[in-house]
Amino acid sequence: MSQGRGSANLALFSAAVVLCLLLVSVENVNAATYTVGGAGGWNFNVANWPKGKSFRAGDILVFNYNPTIHNVVAVNGGSYSSCKTPGHAKVFKSGKDRIKLVKGQNFFICSFSGHCQSGMKIAVNAV
């Protein structure tokens with residue numbers, strides 16, 4: 001049975017898909033996963049948790065918390081400092097959030113009343 005042009009195109013397409021999957025898996029192999037706050041999870045007084053750790057763009061932060069009393073909000077530096085949540089901010093509320101770091105500064109707060117002021121916020125610099 002002879003193979004037509006469609007078979008060659010299918011083979012090229014399949015090879016491209018395999019190559020893309022390999023590239024994605026290589027990126028994930030290099031990414032580290034960090035549980036914010038360690039065993040205590042995302043809670044009060046975690047502001048110093050990033051100290052002494054090296055983060056890279058693409059690393060994953062895992063925020064474990066009780067979603068009935070906490071959340072995670074990705075904010076900018078000003079909102080981090082003032083503990084104010086801007087209207088356009090991305091709010092996570094699953095209790096098991098996984099957030100990929102972008103290159104540069106990454107800021108996260110809890111927007112429940114008084115929580116950010118009580119140290120429920122982190123600033124992470126990813127290179």
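Which residues do ring pairs link into a cluster? Tyr-34, Trp-49 and Phe-55 are linked in this way. Rings of Phe, Tyr and Trp (its six-membered ring) pair if their centres lie within 6.5 Å; planes under 30 degrees apart count as stacked, over 60 as edge-to-face and the rest as tilted.

The model is predicted: local features need pLDDT of at least 70, side-chain atom pairs count only at pLDDT 80 or more, and totals for chains, interfaces and linings use all residues. Residues are numbered from 1 along each chain as its sequence is written, and side-chain values use heavy atoms, with hydrogens and water left out.

The structure holds 6 aromatic pairs. One of them, Trp-49 with Phe-55, is tilted, at 5.9 Å centre to centre and 45 degrees between the planes. Trp-49 counts as buried because its relative accessibility is 13%, and Phe-55 does so at 4%; buried means under 20% relative accessible area, exposed over 50%, partly exposed in between (1.4 Å probe, protein chains only).

Leaving aside neighbours within four places in sequence, Leu-61 is in contact (heavy atoms within 4.5 Å) with residues including Tyr-34, Trp-49, Phe-55, Phe-108 and Ile-122. Leu-61, Phe-108 and Ile-122 are among the residues with the most contacts inside the largest nonpolar core, which has 18 residues. Such a core is a set of buried Ala, Val, Leu, Ile, Met, Phe, Trp, Tyr and Cys residues joined through side-chain atoms within 4.5 Å. Strand β7 (121-126) gives the most to this core, with 3 residues.

Key:
Helix = DSSP H or I, 4+ residues; strand = E, 2+ residues; numbered from the N terminus.
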